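This report describes selected features of a protein model.

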Amino acid sequence: MPEGVRISDLRIIRDGKTIIPNLTMYIDRGKIVGLLGPSGSGKTTIMRSIVGVQASQSGSITVFGRTAGSKNLRTRIGYFTQSASIYTDLTCLENLRYFARILGQSEISVHEVLELVDLTKNQKQLASSLSGGEKARLALATALLGKPELLILDEPTVGLDPVLRRDLWNLFHKLADQGKTLLISSHVMDEADRCDSLYLLRDGRILAGGTPQELKEQTKTDDMEAVFISLVEKI
Amino acid sequence: MSIRRIWGTARRILSQLRHDPRTIALMILAPVLLMTILKYVYQNQPIVFQRVAASLLGIFPMLVMFLITSVGTLRERTSGTLERLLILPITKLEFILGYAKAFGIAALIQATIVSSVALGPLGLKIAGSQLMLIVVAILDALLGMAIGIFVSSFAKTEFQAVQFLPAVLFPQLLLSGLLVPRGSMPSILRIISDYLPLTYAVDATQKVVAGQGSVTRDFLILALFLFGLLAAGALTLKRKTK
């Protein structure tokens, strides 16, 4: 199995405040890995680091064996940011067409991703008139363009209705089955059960890592919220 | 360098403009309105109108393009779309050239319309070539665009970006020779004005209006400023941030 994502001794200080003291983690290829923790625990910073847009004090990150941020990784990573980074003064279709042009993708792929996030009927609508959930799905569609091998999704299911959330998780599993690697962050603990493996984060440190089952057995609890609390109280 | 990505970016920006008809209307109507007011302000001094209007023909589009581009690029920096783009296979130069192309087209349309109105219904008469005057106006608008893209990197908010208009453009206007011939300025100010792009824009306009003197040197210097500012604008884009 070729290399996935490897983070070694990552240290990030922002404005004199230590965000990530010292982080080492590994993400397997073809897996859905969850990054769970409360807001402010460093999830977004870690994701930005993997994508290569976060300056760090020390440590190293490689994606598929190459240094994070390398030129040849740019078509291989799809990134979904929390604040939907889309052009609100363009229609859904215009947004996707632009990103497709940058990626060298065809018109067909634009319609494919629209279908995947269930926005085909909204394609001519201005992004500013979409609901919060629809905006998030449009941003997700831009991340899916070009079938990237690694998807970094920062809280992709926040504010979505349960049916859509289930559909998206089904999509994520389908992508993982095709060999894609997914790193998904969430502050909702019940999403943890849908991941192949998990990292629980707090204050930039990893509290624990493993499959959901392992974590529950380790803490002798049966839901993720309890796992988290038990781990925090143990320190 | 990919034409597809540059042109794709330009098309995207033009589509954004198209969805904003009020901005388009203001871009075109504001300078036309200003020229018209100028005409009637100087109703009893037609000679002054002839002198001032030609010079302002390039200045108005420049101010408008400066504002639109500085706020436009700033918005892209702050909304997260720029960061989102720079992790994709687009280079910083391609991104800036996309902006230059889109706003260059907008500048072309604007400068052509404003010049045509001034030379036509408003009765502006010049000794030199009318076409050349339009070319100068377009160059001025492009210069405003390039300065706008560049200074937007020094602004964190839209408030700051707009304040760069009096801070960056007005000193150039005062020193450009538009109000007072450069020859009669204190030598220190004249030397400073030698290094400001607007000086050459105004110089070119005055030559075209008078119908004498070559504008080649002015155009070359303006082109250098234009490319220099665009390249500097590209350098200010950062893939990695704190």
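Predicted model: local features only at pLDDT ≥ 70, side-chain atom pairs only at ≥ 80, totals over all residues.

Which helices of chain B each supply at least two residues of the nonpolar patch? They are α1 and α5 (92-119) of chain B.

**The nonpolar patch of chain B**

With four residues, α5(B) gives the most to it.

**Confidence in chain B**

Chain B has a mean pLDDT of 89, and 100% of its residues reach 70 or more. Within the chain, confidence is highest in helix α1 (residues 3-18) of chain B, at 95, and lowest in helix α3 (residues 46-78) of chain B, at a mean of 86.

**Individual residues**

| Residue | Relative accessible area | Class |
|---|---|---|
| Ser193(B) | 0% | buried |
| Trp169(A) | 1% | buried |

Ser193(B) belongs to helix α8 (residues 187-194) of chain B. Apart from neighbours within four places in sequence, Ser193(B) is in contact with Leu175(B), Arg182(B) and Thr199(B). With Arg182(B) there is also a polar contact, made between the two side chains at 2.7 Å.

Trp169(A) is part of helix α5 (residues 162-177) of chain A. Why is Trp169(A) classed as buried? The reason is that its relative accessible area is 1%, whereas buried means under 20%. When residues up to four places away in sequence are not counted, Trp169(A) touches Ile32(A), Thr157(A), Ile184(A), Glu191(A), Arg194(A) and Cys195(A). Of these, Glu191(A) is 22 residues away along the chain, and its C-alpha atom is separated from that of Trp169(A) by 9.2 Å.

**An enclosed helix in chain A**

Helix α1 (residues 43-51) of chain A is largely enclosed by the rest of the structure, because eight of its nine residues are buried. The buried residues of α1(A) are Lys43(A), Thr45(A), Ile46(A), Met47(A), Arg48(A), Ser49(A), Ile50(A) and Val51(A). Just after α1(A) comes Gly52(A), which takes a positive phi of about 100°.

Key. Residues numbered from 1 in each chain as written. Chains lettered and ligands numbered in written order. Heavy atoms only, no water. Buried < 20%, exposed > 50% of the residue type's maximum accessible area, 1.4 Å probe, protein only. Polar contact = N/O pair within 3.5 Å; in protein donor to acceptor, adjacent residues only side chain to side chain. Contact = heavy atoms within 4.5 Å. pLDDT = per-residue confidence, 0-100.
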